[in-house]
Amino acid sequence: MNALTLQWHDAGQAKTQKIYEQQPSKNPGTVRIGRDPLRCDIVLSHPTVSGLHVEIFFHTQQQRFLIRNLREQNPPIVDGQKLSQDEMPLSEGSIIYLGQQQLKVTVVSVPAASSVPPTILIPPQPHAINPQPAAPVARPQPQVNYTPPVQPQPQQAGGHHYHSPRPPAQPQGQEVYGLQCPRCKKISSYKNLLLGCQHCGHSLQDAPSVLVPPNS
């Protein structure tokens with residue numbers, strides 16, 4: 001537990017008081033020092049000490065004990081420096097004067113500070129000249145082998161074959177798709193879309209289109 005130990009002489013007697021990071025006090029979070037027993041946690045009897053003179057508290061972020069002045073007209077002197085406003089850190093051996101009353105910090109125990117992990121420094125990386133973004137890795141595309149169907153070749157007289165330069169064109173007007181009648185399920189030409197089914201006369205406005213096999 002974080003703690004600070006104060007030592008002083010009062011009326012010819014040596015006195016010691018420990019101040020913890022969190023402990024019951026008249027002002028939660030701080031320990032106040034002065035002559036007024038109603039407002040102070042550590043009461044001093046020397047007449048040069050103000051009724052509410054200073055307070056000592058633990059700063060969580062800085063991980064150390066600080067002293068703050070509460071009497072602007074009678075500022076304390078900490079390690080030879082007058083503390084008018086703000087706060088000052090305390091360490092082992094620090095000397096505090098409240099008026100003519102001297103207090104000494106004999107022990108400062110902050111074990112939590114040793115458990116703070118050190119900052120991890122990443123070594124600087126060499127800077128590349130005009131770095132270029134890495135090119136995306138191309139993924140191989142699957143290859144599809146397609147073998148066109150072999151067209152039968154006509155024979156000439158004498159058993160000799162000849163090759164046509166291109167497959168013969170389909171006859172003009174051959175239907176590739178047709179309309180299937182919703183009622184009789186028979187196929188009609190697209191020309192009958194507005195006339196109706198050529199078999200039963202049913203409307204073909206909502207008829208599905210179907211592939212018509214050749215020579216059907």
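These legends describe close-up views of one predicted protein model. Residues are numbered from 1 along each chain as its sequence is written, and side-chain values use heavy atoms, with hydrogens and water left out. In this predicted model, local features need pLDDT of at least 70 and side-chain atom pairs count only at pLDDT 80 or more, whereas totals for chains, interfaces and linings use all residues.

**Figure 1. Overview of the protein chain.**
The secondary structure comes to one helix and 14 strands. Helices (H or I, at least four residues) and strands (E, at least two) are DSSP runs, numbered from the N terminus. Of the 216 residues of the chain, 25% count as buried. Buried means under 20% relative accessible area, exposed means over 50%, and partly exposed lies in between (1.4 Å probe, protein chains only). The accessible surface of the chain comes to about 16,100 Å². Carbon and sulfur atoms account for 54% of that surface. Accessible areas come from the Shrake-Rupley method with a 1.4 Å probe; for residues, only the protein chains shown count as cover. Take contacts between residues at least 6 apart in sequence: 34% of them join residues at least 24 apart. A contact means heavy atoms within 4.5 Å.

**Figure 2. The open sheet of six strands.**
The strand order is E2-E1-E11-E10-E7-E8, and the pairing is antiparallel. Two strands pair if DSSP finds at least two bridges between them. Which strands stand at the edges? They are E2 (13–20) and E8 (81–82). Each has a single partner strand, so one side of each is left without a neighbour in the sheet. At the E8 end, two bridges join E8 to E7 (residues 77–78), and this pair runs antiparallel. Ile77 has Lys82 in E8 as its bridge partner.

**Figure 3. Strand E1 and its two partners.**
E1 covers residues 3–10. Six of its eight residues are buried, so the strand is mostly covered. Eight bridges pair E1 with E2 in the antiparallel sense. Trp8 has Lys15 in E2 as its bridge partner. The hairpin of E1 and E2 has two residues between the strands. There, Ala11 takes a positive phi near 55°. E1 also pairs with E11 (residues 101–109), in the antiparallel sense and over six bridges. Leu6 stands opposite Val105 in E11.

**Figure 4. Leu6 and the largest nonpolar core.**
A nonpolar core is a set of buried Ala, Val, Leu, Ile, Met, Phe, Trp, Tyr and Cys residues joined through side-chain atoms within 4.5 Å. The largest one holds 23 residues. Which residues touch the most other members? They are Leu6, Ile67 and Ile96. At least two residues of this core come from each of E1, E3 (31–34), E5, E6, E10 (95–98) and E11. Leaving aside residues up to four places away in sequence, Leu6 touches several isoleucines, including Ile19, Ile33, Ile42, Ile56 and Ile96. Leu103 and Val105 are also among its contacts, as are Lys15, Thr16, Gln17 and Lys104.

Side chains of opposite charge can pair when their charged atoms come close. A salt bridge here is a side-chain nitrogen of Lys or Arg within 4 Å of a carboxyl oxygen of Asp or Glu. The structure holds four salt bridges. Glu55 and Arg68 form one of them, with their closest N and O atoms 2.5 Å apart. This pair links distant parts of the chain: Glu55 lies in E5 (residues 54–59) and Arg68 in E6 (residues 64–69), 13 residues apart. Glu55 is buried at 3% relative accessibility, whereas Arg68 is partly exposed at 25%. Arg68 also forms a salt bridge with Glu87, where the closest N and O atoms are 3.0 Å apart. Glu87 lies in E9 (residues 87–89) and Arg68 in E6, so the pair ties together parts that are 19 residues apart in sequence. Glu87 is partly exposed, with a relative accessible area of 37%. Through shared partners, salt bridges join Arg32, Glu55, Arg68 and Glu87 into one network.

**Figure 5. The Asp36–Arg39 salt bridge.**
The side chains of Asp36 and Arg39 meet at 2.8 Å, N to O. Arg39 counts as partly exposed, at 42% relative accessibility.

**Figure 6. Lys191 in a loop.**
Lys191 lies in the loop between E13 (187–188) and E14 (209–211). Is Lys191 buried or exposed? With a relative accessible area of 70%, Lys191 is exposed.
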